[in-house]
Amino acid sequence: MDRLLTKKRTGRYFFVAMAIVFPILVMLGFVPDYQMIASGQIKVHWFLHVHGVIMTAWLGIFLAQSLLIANDNVKRHRQLGQIGFIFGILVWISLVIITVRALIVNNPPEADGQFDILFIQLQGLVLFGIFFTWGMWVRKKNIGAHKRLLLLATVIILQAAVDRIRFLPGLQYAIFIRFLYLDLLLIPLFIYDWISVRRIHRMTLLGTLLICVVQAGITFGWGSPVWHRFWYNAITPLVERLPEVNLDNAQSDLLIGHYGDAKWHLTVSRNAGKLYLQLPGQDKWELGATSETQLFVRIMNWKLNFVKGPDGKVEKLINDQIFTVWEVPKMP
């Protein structure tokens with residue numbers, strides 16, 4: 001009996017260990033971003049900071065709750081659970097706000113990769129909502145399911161942090177690689193189940209299956225023109241789209257050229273009446289125009305503002321890429 005009690009108590013610290021790992025992953029992913037924000041390299045809306053505070057509070061509450069249960073402080077656990085319930089709702093609401101706001105404010109072109117990122121945002125929003133709601137529903141009648149569901153809810157919202165850990169190989173090559181790194185966090189849960197109850201808990205299996213099905217759907221749907229078109233049309237009534245204009249050769253001649261310096265430059269060129277942007281060593285991207293000096297990249301959210309001097313010739317190019325605005329002079 002003493003042996004079983006020791007085993008049971010040791011198993012409780014599994015959730016404490018996982019709750020410690022989660023903030024470490026968040027720091028690895030987001031600290032470089034916040035360093036760039038602090039240095040002024042990128043600018044973000046104030047609500048993203050609010051979102052960060054809410055998510056951090058959730059991780060803190062998850063850690064505190066795990067410690068309380070590990071130390072048999074059920075009373076405090078239930079008291080803090082009321083606050084945790086409120087923050088769980090706030091997490092879900094903040095996910096909705098940043099997802100909707102990003103689409104409306106950024107107003108991406110139809111081919112932009114932001115509509116693919118929307119896949120991942122919706123994954124976090126939907127799965128967190130399911131796991132959190134389910135976990136709170138069974139908290140009194142099924143403790144084993146309760147703690148596993150809240151662990152799964154926390155794991156799923158770590159995708160954004162995992163995607164930003166720069167030293168992880170392969171993140172930029174395929175979307176499924178990002179999912180594989182996140183899914184590694186589920187392996188300890190399977191091991192814990194086998195050691196603690198000599199079987200894989202039903203909730204672990206169901207939760208993992210749901211996550212994998214959603215991830216498989218995203219992988220196969222990534223880059224889908226139908227998906228892009230659906231969401232592009234869905235946000236169109238909510239945004240202002242400037243009418244596209246056609247530039248004649250005289251107008252586009254002023255924009256054509258190299259921008260930057262001898263060490264690095266980008267190129268604006270024309271072929272068969274169409275303008276293109278090209279970075280060193282990359283393919284050309286077709287440009288569209290909303291005025292004589294306002295252009296945009298068709299496949300991504302990149303706006304180009306050509307600034308003319310007193311003589312009417314273009315002097316520099318201001319690039320607007322959502323979070324960063326930077327300029328380069330036109331080369332002679």
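A nonpolar patch on the surface is formed by Phe85, Ile86, Ile89, Leu90, Trp92, Ile93 and Ile97, with about 560 Å² of accessible area together. Patch residues have over 30% relative accessible area and no salt bridge, and nonpolar side chains are joined within 5 Å. A salt bridge is a side-chain nitrogen of Lys or Arg within 4 Å of a carboxyl oxygen of Asp or Glu. Areas come from the Shrake-Rupley method with a 1.4 Å probe. The model is predicted, so local features need pLDDT of at least 70 and side-chain atom pairs pLDDT 80 or more, while totals for chains, interfaces and linings use all residues. Residues are numbered from 1 along each chain, and side-chain values use heavy atoms, without hydrogens and water.

Trp92 lies in helix H3 (residues 74-106). Helices are DSSP runs of H or I with at least four residues, and strands are runs of E with at least two. Trp92 counts as partly exposed because its relative accessibility is 37%; this class lies between buried (under 20%) and exposed (over 50%).

An unreviewed UniProt entry lists transmembrane regions, among them residues 46-71 and 149-167. Such annotations may be inferred rather than shown by experiment. Residues 46-71 are 96% helix and 0% strand, with end C-alpha atoms 38 Å apart. Residues 149-167 are 68% helix and 0% strand, and their end C-alpha atoms lie 29 Å apart.

Eight strands form an open sheet with antiparallel pairing, in the order S1-S2-S3-S4-S5-S6-S7-S8. Strands S1 (257-260) and S8 (324-329) each have a single partner strand, so one side of each lacks a neighbour in the sheet. Pairing requires at least two DSSP bridges. Three bridges join the antiparallel strands S3 (residues 274-278) and S4 (residues 284-289). Gln278 stands opposite Lys284 in S4.

Technical notes: Patches are made of residues with over 30% relative accessible area and no salt bridge: like charges are joined within 9 Å, nonpolar side chains (Val, Leu, Ile, Met, Phe, Trp, Tyr) within 5 Å. Buried means under 20% relative accessible area, exposed over 50%, partly exposed in between (1.4 Å probe, protein chains only).
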